[in-house]
Amino acid sequence: MNVSIVGSGYVGTTVAACLADAGHDVWAIDVDEDIVEQINAGETPIHEPGLAELLETYGGDTLRATTDYGVVPDTDLTMLALPTPSDADGSIDLSVMEAGARAVGEALADADGYHLVVVKSTVVPGTTDETLIPTIESASGRQEGDSLGVAVNPEFQREGSAVTDFQNPDRVVFGTDGDERALDVLYDLYEPLLGDVPAFETGRREAELIKYANNAFLAAKVSLINELGNIAKEFDVDSYEVAEALGMDDRIGARFLRSGVGWGGSCFPKDTAAIMAAAREAGYEPKLLDAAVAVNEQQPERLLALLDEHVDVEGRPVAVLGLAFKPGTDDIRNSQATPIIEGLQERGAEIVAYDPVASEAMSERFPDITYADSASEALAGAAGAVVVTGWDEFETLDSAFDEMAEPVVVDGRRTVSRRDGITYEGLTW
């Protein structure tokens, strides 16, 4: 098939590369000329395992990039994979999505035949029907259900494993309100990937909410295991032993039971805030989600309080190991490293930070702290260290701790092993 994808961020670039790998011809449309040049040169604009290899293979060939919406009429379908950032009250800002929908509509104004527009971005229920479809119809002169189809196809890709998640999904969700032509196009698009993977057919509003429900449920699960971990710590209980037994209950499952410093990234915080804001606008108070957010926000301060028990960091170097919100990505959006760095700054510490791929991004947020080229360099002479991101390389730092001025390690991800010669504190164990 011929596919156009509007937006070349974490979602759009990964989806474009994976669809090219599935045998489709893909146009990536983005306003950023640097990103367009990178994709056409076969280079990745983001750090994502497996993505560089796909772009090297298909970039400039069956995956091409452009700033011109004029390619849209020559494709069978167009995906909107644009950002929906949070406003101050947690609700989503649809301005970029509306602009993209309008541009797609204008491109389709003089085109022939049926065209399907697929909403890949995360939007609250009713957005597609009440905002995006009228925008596309007005700009194109087409009517949904006639020569225009509109579907919602949420993504379930985790940063750090986005390629694998797209190519090996648990399920795909098709929100079409029963539009058979739209369903046929979506089945054709995903045919190389489906196999034994179930396709869940539903309405557009239901598909919109499924993504929010998915992330809200997982965010609440992480906060619940963190709450239990905090309680376990008070009783000198290893929460990971407890979680292992919990995970054997098939009603609970073992995934997302690693307690620690909390969740971040682009999805959990934004999506949880958005569905909470939408619920309040509808007159419902989401008390459980309020609690999940509150637990998550307290974890960085709990980690710093443990550090305070062992060392006064004022005027002394402290190593911050890990800046990305999770391993496998360079994304620092809503990383728990941010409040931890801010807390250390309030305490007057001299911060030496290290991350395998995210230091450059964090240096734009905190230009005045020191960034080390390795974890060993960050630890050398430090009065304490905090582990914020669970990178595998932090598991093998034993000898580096011997170079610390005071070997105090507070681990927020259960990455470092207890050993003689260091004062070790696990956040929830």
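Helix α8 (residues 204-234) packs against helix α11 (residues 287-308) at an angle of about 45°, and their axes lie 9 Å apart. This is a predicted model, so here is a quick tour of two of its features: that helix pair, and a cavity whose lining draws on α8.

**How α8 and α11 meet**
- Two packed helices are described by the angle between their axes and the distance between the axes.
- The crossing of α8 past α11 is left-handed.
- On the α8 side, the contact is made by Ala-216, Ala-220, Ser-223, Asn-226, Glu-227, Asn-230, Lys-233 and Glu-234.
- On the α11 side, the partners are Leu-289, Ala-292, Val-295, Asn-296, Gln-298, Gln-299, Arg-302 and Leu-306.
- Sorted by class, the residues of this contact comprise 6 nonpolar, 6 polar and 4 charged.

**The cavity**
- Rolling a probe the size of a water molecule over the atoms shows where empty space is left.
- Searching the whole structure turns up 1 cavity of 30 Å³ or more.
- The largest cavity holds about 30 Å³ of space.
- Its lining consists of Ser-121, Thr-122, Val-123, Val-152, Pro-154, Ala-207, Glu-208 and Lys-211.
- With 3 residues, α8 gives the most to the lining of the largest cavity.
- That lining has 4 nonpolar, 2 polar and 2 charged residues.

Note on methods
Residues numbered from 1 in each chain as written. Predicted model: local features only at pLDDT ≥ 70, side-chain atom pairs only at ≥ 80, totals over all residues. Heavy atoms only, no water. Axes fitted to C-alpha atoms, helices over the stretch in contact; angles between N-to-C directions. Helix = DSSP H or I, 4+ residues; strand = E, 2+ residues; numbered from the N terminus. Left-handed = near helix turned anticlockwise from the far one by under 90°. Contact = heavy atoms within 4.5 Å. Nonpolar A, V, L, I, M, F, W, Y, C, P; charged D, E, K, R; others polar. 1 Å grid on protein atoms, 1.4 Å probe; cavity = no way out; pocket = protein on both sides within 12 Å on 5 of 7 lines; lining within 4 Å. Points joined across faces, edges and corners; volume = space filled by probe spheres on them.
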